[in-house]
Amino acid sequence: MKVIVAGAGGRMGVANIKAIANHPDLLLHAAIGRPGSAVIGKDAGSFVGGDALGVAITDDIDAVLDGADAIIDFTAPGASVALAQKAAARGLVHIIGTTGCSEADDAAIAAAGAAGARIVKSGNFSMGMVVLANLVRQAAAALADYDVEIFEMHHAKKVDAPSGTALMLGEAAALGRNVSLKDKKVSGRDGHTGAREPGTIGFTALRGGTVIGDHMVILAGPSERIELNHKAEDRTIYANGAARAVLWAYGQKPGLYSMVDVLGLTD
Ligand SMILES: NC(=O)C1=CN([C@@H]2O[C@H](COP(=O)(O)OP(=O)(O)OC[C@H]3O[C@@H](n4cnc5c(N)ncnc54)[C@H](OP(=O)(O)O)[C@@H]3O)[C@@H](O)[C@H]2O)C=CC1
Ligand SMILES: O=C(O)C1=N[C@H](C(=O)O)C[C@H](O)C1
């Protein structure tokens, strides 16, 4: 399958180019950078420190869509919405790792799925995190009166908070309790907050250094607490998950899917 990597100059763009270059069933069809970026014109393989791939990074997505099967996109919300619309027009697979999307962005992405794109979107593409989210759902359901708090820490360059993963874990806890995260979310406590309101789901975000991604879900009850932890050690876990999602989505009908669908997790 022929894959376009968007955001080629970014941290995840580099990881995605490497993952495709090393994948037996995927071929790098094109790599896209932002107009004006210093990466435009460089060979994608050499840029990520490997062998030359004969694919020059371009800023012209429309010029490389012919012949492509899929787009892997870890960029920014506006770029992901625009790419979803292009994927819909051509029935392409579109893997979206971008976080920080607004409700309107998510609605536009869902509309692109309904209009012909085969989209897999996830706040986290690592296998371990998808399994952890499943465990959080089960724990939140079983310990229905325990306080759920979600902690995350990321590198100093991250621009959105709470992280997409933290929100995904919050959604899993909310699903386990049959409530809406929107109604229960409490983020960034400061000052005289009053006592914790039972049933809420709390979020704390830390930023600093080069941390790739630490997440912890705490279920705190009377005289005990459970801590469910995940620590990312390398961005290849996300890139490998995205590659796996490409291969899975190719065989699906148009629509919007998650990594739970890709892994076939039902419980
Ligand atoms: N779901 C998952 O598993 C994971 C998701 N992420 C998410 O992926 C996204 C990217 O993360 P990361 O690689 O660390 O970030 P970077 O800032 O390193 O990379 C983002 C890339 O996207 C490009 N870009 C940004 N805005 C636009 C735009 N409007 N049009 C075209 N290109 C654009 C940037 O270009 P330029 O450099 O020129 O600005 C850059 O190359 C984030 O939302 C992050 O949270 C990250 C890791 C895992
Ligand atoms: O920006 C990042 O780096 C990451 N973003 C994703 C998120 O927002 O959860 C996934 C991972 O935690 C790294």
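Here's a quick briefing on three annotated positions and the shell around ligand 2. Keep in mind that this is a predicted model. The unreviewed UniProt entry lists His155, Gly164 and Thr165 under "binding site". Gly164 and Thr165 also turn up among the residues surrounding ligand 2.

**His155**
- Look for His155 in the loop that runs between β6 (147-154) and α6 (164-176).
- His155 has 13 other C-beta atoms within 10 Å, so it counts as partly exposed; the buried label would take 20 or more.
- Setting aside residues up to four places away in sequence, His155 touches Gly209, Thr210, Val211 and Ile212.

**Thr165**
- Thr165 sits in helix α6.
- With 25 other C-beta atoms within 10 Å, Thr165 is buried.
- Once neighbours within four places in sequence are left out, the contacts of Thr165 are Gly123, Asn124, Met129, Glu152, Gly213 and His215.

**Ligand 2**
- The shell around ligand 2 is made up of Thr99, Gly123, Asn124, His154, Lys158, Ser163, Gly164, Thr165 and Gly213.
- By type, that shell splits into 8 polar residues, 1 charged and no nonpolar.
- Gly123, Asn124 and Gly213 are contacts of Thr165, and these residues also belong to the ligand 2 shell.
- Ligand 2 lies between domain 1 (2-125 + 235-263) and domain 2 (127-231), because both of them give residues to its shell.

Technical notes: Residues are numbered from 1 along each chain as its sequence is written. Chains are lettered from A and ligands numbered from 1 in the order in which they are written. This is a predicted model: local features need pLDDT of at least 70, side-chain atom pairs count only at pLDDT 80 or more; totals for chains, interfaces and linings use all residues. UniProt positions are given in the numbering used here, feature names are shortened, and annotations may be inferred rather than shown by experiment. Helices (H or I, at least four residues) and strands (E, at least two) are DSSP runs, numbered from the N terminus. A residue is buried if 20 or more other C-beta atoms lie within 10 Å of its own, exposed if 12 or fewer, and partly exposed in between; C-beta atoms are placed from the backbone. Two residues are in contact if their C-beta atoms, placed from the backbone, lie within 7 Å. A residue is near a molecule or strand if its C-beta atom, placed from the backbone, lies within 6 Å of it. Ala, Val, Leu, Ile, Met, Phe, Trp, Tyr, Cys and Pro count as nonpolar, Asp, Glu, Lys and Arg as charged, and the others, Gly among them, as polar. Domain bounds come from an automatic or database domain assignment.
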